[in-house]
Protein chains: 2
Amino acid sequence: MNIENYIDQIAKNAKSASRVIASASTVTKNAALNNIADGIISSAATLITENEKDLMAAQKAGLSGAILDRLRLTEGRIKGMAEGVRQIVNLADPVGELIQGNTRPNGLQIQKIRVPIGVVVIIYESRPNVTADAAALCLKAGNAVILRGGKESIHSNIAIYRILTSALEKAGLDKRCIQLVEVIEREAIDYLLKADQYVDVVIPRGGEALIRTVVEKSTIPVIKHYKGVCHTYVDEFANLKMAEEICLNAKVQRPATCNAMETMLVHEKIAPILLPGIAKKLQDAGVEIRGCNQTCSILDNIKQATEDDYYNEYLDLILNVKVVHTIDDAITHITKYGSNHSDAIVTDNFNNAMKFTREVDSAAVYVNASTRFTDGYEFGMGAEIGISTDKLHARGPMGLEELTSYKFVVFGNGQLRK
Amino acid sequence: MNIENYIDQIAKNAKSASRVIASASTVTKNAALNNIADGIISSAATLITENEKDLMAAQKAGLSGAILDRLRLTEGRIKGMAEGVRQIVNLADPVGELIQGNTRPNGLQIQKIRVPIGVVVIIYESRPNVTADAAALCLKAGNAVILRGGKESIHSNIAIYRILTSALEKAGLDKRCIQLVEVIEREAIDYLLKADQYVDVVIPRGGEALIRTVVEKSTIPVIKHYKGVCHTYVDEFANLKMAEEICLNAKVQRPATCNAMETMLVHEKIAPILLPGIAKKLQDAGVEIRGCNQTCSILDNIKQATEDDYYNEYLDLILNVKVVHTIDDAITHITKYGSNHSDAIVTDNFNNAMKFTREVDSAAVYVNASTRFTDGYEFGMGAEIGISTDKLHARGPMGLEELTSYKFVVFGNGQLRK
């Protein structure tokens with residue numbers, strides 16, 4: 001099949017199915033979601049068999065252990081996937097909410113109503129669980145979705161996709177509400193990104209290079225975060241024990257996540273007291289420390305941080321440590337090297353806390369807490385489709401509400417514009 | 001000067017100034033706005049002299065009367081421009097609003113706070129008043145703005161820009177909060193559209209071709225509407241007198257606007273009664289009617305509408321008239337040919353009214369009112385920077401609130417992620 005025609009057909013199908021799903025009742029959408037969860041559980045054996053094919057191909061291709069781990073479906077992960085879908089059943093349906101309303105002096109009743117976005121494209125790498133998660137979130141928010149996963153997970157994705165479409169049909173919904181791009185050629189993405197006649201938004205999830213390519217090529221709005229270079233600034237007025245715990249948590253609790261700390265900034269007045277103790281704990285946890293000159297003069301046996309290191313999202317047990325003269329220097333550093341994702345200050349000083357929250361221009365700004373909390377569930381929004389470091393439409397964790405738009409419905413009785 | 005360096009410097013200046021304006025108080029921003037209004041009035045003579053240069057060049061270049069009219073600054077228009085700026089003083093400052101907040105079970109206090117977007121680029125054609133309007137709206141919403149107007153209005157724009165920067169300085173604000181691209185070469189736009197490191201959003205205002213080019217080239221999010229192909233559907237259950245008044249208003253009250261009606265859809269049951277009377281009134285108002293076959297069989301001496309006509313945004317006294325069999329046919333027509341801007345139904349039937357508002361996927365959907373009301377002031381939002389037919393971030397009229405983003409501010413007392 002010609003790939004351009006194939007993508008064109010998928011995009012058209014999605015547009016047409018988006019009208020069905022937009023007006024589906026919450027009961028119907030939840031039935032489909034429960035069918036998905038049931039289907040995942042009852043097809044566990046098939047999923048593992050299909051996943052095995054992907055794993056073998058990946059091993060043959062010599063892919064890294066990290067990729068193999070992301071790719072792998074275990075019984076536990078399959079259960080987790082089903083559980084994730086069931087949690088979405090329990091979230092409130094955002095569609096139809098009356099966001100605002102007023103009656104104008106001329107009697108026009110203006111209502112701002114929450115509606116689905118329409119057609120969502122998700123482009124992601126080789127985590128098969130995203131196939132189920134993303135589809136379930138889009139479904140609940142009343143959107144048609146086109147999924148394009150990494151080619152390494154194609155067998156796993158097709159197996160999950162079969163479950164999704166049969167769940168839709170069982171609930172009486174158009175199965176084209178969820179579609180998977182089954183061709184693995186890259187040009188499929190190029191065509192998708194130009195289908196602005198049918199697609200309303202593209203959400204890429206993956207490494208910075210993938211996301212930059214999507215932004216360059218897309219004529220459709222993109223919501224994204226390039227990377228998470230998150231900072232914790234330990235102020236001169238910090239509670240040192242709290243600072244130690246927060247920094248340790250932000251770095252080592254799950255270093256491969258985008259909200260993990262990559263650089264710790266320490267006020268010069270407390271650096272000599274704080275650094276030796278915290279460095280020991282970090283190193284005991286396996287963290288490699290790369291320090292500025294002053295840090296290197298306090299700590300023995302650490303690497304020197306380079307200029308490039310400060311821009312780096314390690315996603316690993318590596319941490320930059322830099323001593324700063326003032327809170328302003330800390331904010332300047334974050335502004336220059338940060339990625340507007342999640343940044344924290346540890347301080348007992350009210351004015352410094354407020355200054356930091358005002359002047360640091362990030363999706364989430366913390367006082368006395370670990371940056372690891374930037375997450376839909378932790379913020380009370382429910383499951384998330386991703387985290388945005390953009391400033392348009394959605395910023396920070398994107399949940400069901402961020403997968404919606406609105407329309408103005410205006411009721412009159414013959415009003416004319418003067 | 002090298003244009004690439006020039007634009008790069010403007011973008012960097014804007015980013016840096018955006019930090020100043022983001023935290024400016026409402027009092028300071030309003031002082032700057034009042035200075036702008038005062039400056040416009042006191043510089044009226046200069047504005048007219050500079051505008052005269054643009055008008056002469058445009059005449060020499062043989063530009064159309066419509067363009068000359070848009071370009072022209074009269075004393076009345078200059079007063080209107082100042083008045084528009086003063087109205088923005090009276091609008092509530094959106095910055096700092098606590099949009100949502102909650103305390104999590106672990107004690108974290110999560111606050112969603114409204115903040116400026118940052119740096120806004122406005123690309124527009126030859127209406128000098130946009131220079132003042134757009135700058136004033138961005139200023140009030142706490143954004144730095146880069147203005148790029150049509151080259152035909154360059155002298156007028158520079159004269160207005162002088163007023164803007166001196167107003168900022170008088171209010172103690174960084175004058176780089178408002179910048180005008182003073183080079184007229186088109187490549188300046190190309191560089192601007194790639195300045196994603198500094199610019200947060202691009203808002204193009206103008207014809208469809210301009211907007212498509214911006215979308216193609218930009219690596220920065222764009223908010224836009226391509227065109228306004230607005231419909232009024234006169235249902236079989238319409239109050240015919242009301243239908244006549246609404247359609248007449250939607251077409252002729254100001255035909256050059258994007259919310260004016262371009263196609264009237266009429267249910268076949270009432271077409272023979274409605275059409276002769278309304279056609280007469282439309283024709284008396286100077287409207288050229290282009291009809292479908294059935295319309296042509298009812299009305300004499302009208303043109304036949306072509307397939308292309310139904311896609312056309314005339315912005316002029318031309319109207320397509322099409323007879324439809326059912327409300328579903330009307331909705332199908334709107335879905336196919338419309339631009340998701342503003343569409344109306346005239347009906348006394350409750351179920352048809354509700355069906356139309358649900359199924360028509362437009363920024364504004366009307367029952368028994370003229371589509372001409374799609375406008376920030378008419379909706380009670382205040383002045384608008386444009387109208388969006390996108391579904392992300394902003395849909396419909398975009399006012400001050402739509403020129404903002406939000407951030408999450410999280411207050412803790414040592415919370416760690418488990």
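This is a predicted model: local features need pLDDT of at least 70, side-chain atom pairs count only at pLDDT 80 or more; totals for chains, interfaces and linings use all residues.

Biologist: How should I read the pairing within the part that chain B contributes?

Modeller: One looks at the bridges between neighbouring strands and at their direction. Strand 7 (residues 230-234) of chain B runs parallel to strand 8 of chain B, and five bridges join them. Within this pair, B:Val234 stands opposite B:Val266 of strand 8.

Biologist: With which other strands do strand 7 and strand 8 of chain B pair?

Modeller: Strand 8 of chain B pairs with strand 11 (residues 318-324) of chain B in the parallel sense, over five bridges; there, B:Thr263 is opposite B:Asn320. Strand 7 of chain B pairs with strand 12 (residues 342-346) of chain B, again in the parallel sense, over four bridges. In that pairing B:Thr232 has B:Ala344 as its bridge partner.

Biologist: Why is strand 8 of chain B described as largely enclosed?

Modeller: The reasoning rests on relative accessible area, with under 20% counted as buried. Seven of the seven residues of strand 8 (residues 261-267) of chain B are buried, so this strand is largely enclosed by the rest of the structure.

Biologist: May we apply the reading of burial to chain A? How many residues of strand 4 of chain A are buried?

Modeller: Five of the five residues in strand 4 (residues 144-148) of chain A are buried. One then separates the two faces of the strand. A:Ala144, A:Ile146 and A:Arg148 lie on one side, A:Val145 and A:Leu147 lie on the other, and both faces are covered.

Biologist: Which strands pair with strand 4 of chain A, and how does the chain pass between them?

Modeller: Strand 3 (residues 119-124) of chain A is joined to strand 4 of chain A by five bridges, and the two run parallel. A:Val120 stands opposite A:Val145 in strand 4. The crossover from strand 4 to strand 5 of chain A goes through helix 7 (residues 154-170) of chain A and is right-handed.

Biologist: How is the size of an interface expressed?

Modeller: It is often given as the accessible area lost when the parts come together. Between chain B and chain A about 5900 Å² is buried, and carbon and sulfur atoms give 53% of this area. On the side of chain B, B:Leu392, B:Phe408 and B:Arg417 lose the most area to chain A, together 15% of what that side buries. In terms of contacts, 72 residues of chain B meet 72 residues of chain A.

Biologist: What polar interactions are found across this interface?

Modeller: There are four salt bridges between chain B and chain A. In one of them, the side chains of A:Arg417 and B:Glu378 meet at 3.2 Å, N to O. Polar contact is found for 41 residue pairs across the interface. Several elements give two or more residues to the side of chain B that touches chain A, including helix 9 (208-217), helix 14 (350-359) and strand 13 (364-369) of chain B. Strand 16 of chain B gives the most to that side, with eleven residues.

Biologist: What should I look for in the backbone angles?

Modeller: Most residues other than glycine have a negative phi. B:Leu315, which is not a glycine, has a positive phi of about 55°. This leucine, B:Leu315, is placed in the loop between strand 10 and strand 11 of chain B. B:His393, also not a glycine, has a positive phi of about 70°, and lies in the loop between strand 14 (386-388) and strand 15 of chain B.

How values were computed
Residues are numbered from 1 along each chain as its sequence is written. Chains are lettered from A and ligands numbered from 1 in the order in which they are written. Side-chain values use heavy atoms; hydrogens and water are left out. Buried means under 20% relative accessible area, exposed over 50%, partly exposed in between (1.4 Å probe, protein chains only). Two strands pair if DSSP finds at least two bridges between them. A crossover is right-handed if, with the strands pointing away from the viewer, the path from the first strand over the helix to the second runs clockwise. Contact means heavy atoms within 4.5 Å. Buried area is the accessible area (1.4 Å probe) that two parts lose on being put together, summed over both. A polar contact is a pair of N or O atoms within 3.5 Å; within protein, one must be able to donate a hydrogen and the other to accept it, and residues adjacent in sequence count only if both atoms are side-chain atoms.
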